[in-house]
Amino acid sequence: MGRTNKPPRLPEGSFAAWSRDRLALARHGADECGDVWQLEPGVYVAAAAGPCEEVLHRAQDFPKPPSPLFPPLKRSSGAPTSEERAHAHAARMRRLRPQAVAARIGEIAPGTARFVDQWPTGQDVEILPPVRHALEEIGVRYLFSEDAPTLLPFASQLFMAREVLVRPSRWVWPRWVPTPARRFRTRQQVAFTNALRPIIRRRRSSGRLGDDVLGEMLQTSPRYGLLPEEAILDTLPGITVATFETPSRAAGWVLLYLARYPQAADRVAAEAALLPADPAATTSTHLDSLQYTQALVREVLRLRPPSWLLTRRAPRQTQLADYTIDAGSTVLVCPYTAHRDAREHPEPDQFQPDRWLDDSGSPAKPGVFLAFGTGPHGCEGAALAMAMLTLLTAQTARCYHVSEPPGPEPSYQVTTYEGLATAGLHLRATLRS
C-alpha cells in the first residue's frame, strides 16, 4: 500500500474548534500543514488543488454521500431503484448540458433584466433577497416552463425549509429523529409533490410533454423505459432549489466585487453595451461575446466559491497524496484553499479576472476551478448557473454603478452544508450616465 504514515495533526484540531472559524483554519492548514492534513481521527482535509481534483475524480474511492436535504418521501411503493435514479439523472443532464442551456438563453436573459429593472436606485438595498427571487424565477421556469407560476410558491417554501435545516445548532441529531426542522421540510416537500403530480399527469395524458427538464424526464428512454411518477417526484425538489440557491450566494459575491472594483465593472459595462435592447433577443452568441464578464465571474468564484467545502467518504482503505486513508474516513475537499494554490494561480489572493483570458482576450484555463465541483459528481447545473450569473453581471454593470454604503466590512456566513454567503449585504445602485 506504499507509505502508511499519517498526515500531520493540526494543533487544537478538533472539529468543534475548527468549526468556529473554519475558513481561517482551512487556510492555515493549506499554508502550514501540506496538501492533505488530518483534522481529527478519521477526518482528513484535501487543501491543495491536486488532491482536491483527485478526490473528486475518484468517485469509486471517494463517493459522494446522499444529500440529507430532500430524501425520498416514505411511501408504500418504496424509494426509487438505482436504475430509476440513474435514468432521472441522465434525463436531467440532457436538459442541463451547455448546448441545451445555450438554446434557451433568450428565456434566461429576461429574468436577469427584470432584476436590474426592479433594483431601486439611490438607496441602500439588502441585495440577496431580490437576487434570490430573480434567480428562483429563472431556475423554476427553466425546469417547468409554462407550469413555473404554479410551482414557484412551493419552490420558495422548499428554499425556506432548506434554510431552516442548515441553521447552526448545538446538537447533531440522528437522521431518524423528527426534529421540527425536518418535519417542516417534509411538509414543504409533500406540498411541492402534491402540486407537481397533477402537472405530470396532465402532460402525460395530453401527450404534450414539454421542451424543458420535466418534459425530458417524461420521455420514454430506449435504455430505461418510462420513468415512474414517484421517481420524478422524488428527484425534483433538490434540483429545483439547487437551480437558484447556490447561484444566489455566488451573485452576492459578484455584485460586491463590481462595487469594489469599478474599473473592472466599467469593462463589463462596455462589453454589455452590445447586448440587444430586448433581453428576449439574447442568444448564445451574445453570451459568448461576454468574455471579460465571464472571466470576472470565474475570478470571483475562484476567490469566493459559494460551496467552499465538499464532503466525501472512503468506503475502503485507499491512498491519497502518499498517505493511507482508512475505510470509513471522511475527506473534506476545500475549493477555497485549492483556488488559492499558488502552483495553479499566481498571486492567488489577488483579484485578476484577466487570468482567465489569453493575450488575445479569448477564454483561457489557467488552473484548477472547483466552484461547481468536477468529475462524475460535478454540479449538473453549472452551465445554467454560469449563464445566469454572466447575464446578471453584464446587465447590472451596463445600467448601474454599484457601491457599498459606508460602515463595517460585510461579514460572511458559513452554513452547515458548506455554503459561503455574504450575510446582510447592502449595496447601492446609481444609474450610469
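User: Which helices each supply at least two residues of the lining of the largest cavity?

Analyst: Start with the general idea. Rolling a probe the size of a water molecule over the atoms shows where empty space is left. In this predicted model, the helices that each give at least two residues to the lining of the largest cavity are α6 (105-118) and α7.

User: How many cavities of 30 Å³ or more does a search of the whole structure find, and how much space lies in the largest cavity?

Analyst: The search finds one cavity of 30 Å³ or more. The space in the largest cavity comes to about 70 Å³.

User: Which residues line the largest cavity, and how does the lining divide by class?

Analyst: The lining consists of R104, E107, I108, G111, R114, E137, I138, R141 and Y142. By class, five of these are charged, three nonpolar and one polar.

User: I108 is in that list. Where else does I108 turn up?

Analyst: In the largest nonpolar core, which has 105 residues; I108 and L196 touch the most other members. Helix α11 (residues 229-260) gives the largest share of this core, 16 residues.

User: What is L196 in contact with, leaving aside neighbours within four places in sequence?

Analyst: L196 is in contact with F144, L151, L214, L233 and L236. Another core lies apart from the largest one; it has 17 residues, including V55, A314, I325 and V333.

User: Now the open spaces. What volume does the second largest pocket have?

Analyst: The second largest pocket has a volume of about 930 Å³. It is lined by 35 residues, and those closest to its centre are Q294, R298, K365, A383 and M386.

User: Which elements give two or more residues to that lining, and which gives the largest share?

Analyst: The elements are α4 (82-96), α5 (98-102), α13 (284-289), α14 (291-303) and α16 (382-399). The largest share, five residues, comes from α16. By class, the lining of this second largest pocket holds 21 nonpolar, nine polar and five charged residues.

User: Turning to the backbone, how should I read a positive phi?

Analyst: Most residues other than glycine have a negative phi. E347 is not a glycine either, and its phi is positive at about 45°.

User: Where are S145 and E347 placed?

Analyst: S145 is in the loop between α7 (128-144) and α8 (148-166). The place of E347 is in the loop between α15 (335-338) and α16.

User: Is S145 buried or exposed, and is E347 buried or exposed?

Analyst: S145 counts as buried because its relative accessibility is 13%, and the cut-off for buried is under 20%. E347 counts as exposed because its relative accessibility is 53%, and the cut-off for exposed is over 50%.

User: How many helices and strands are there in the protein, and what share of its residues count as buried?

Analyst: The protein has 16 helices and 13 strands. Of its 433 residues, 52% count as buried. The protein exposes about 19700 Å², with carbon and sulfur atoms supplying 53% of that area.

User: What share of the contacts between residues at least 6 apart in sequence join residues at least 24 apart?

Analyst: The share is 75%.

Conventions. Residues numbered from 1 in each chain as written. Predicted model: local features only at pLDDT ≥ 70, side-chain atom pairs only at ≥ 80, totals over all residues. Heavy atoms only, no water. 1 Å grid on protein atoms, 1.4 Å probe; cavity = no way out; pocket = protein on both sides within 12 Å on 5 of 7 lines; lining within 4 Å. Points joined across faces, edges and corners; volume = space filled by probe spheres on them. Helix = DSSP H or I, 4+ residues; strand = E, 2+ residues; numbered from the N terminus. Nonpolar A, V, L, I, M, F, W, Y, C, P; charged D, E, K, R; others polar. Buried < 20%, exposed > 50% of the residue type's maximum accessible area, 1.4 Å probe, protein only. Contact = heavy atoms within 4.5 Å. Areas by Shrake-Rupley, 256 points an atom, 1.4 Å probe, with all protein chains shown as cover. Core = buried A, V, L, I, M, F, W, Y, C linked by side-chain atoms within 4.5 Å.
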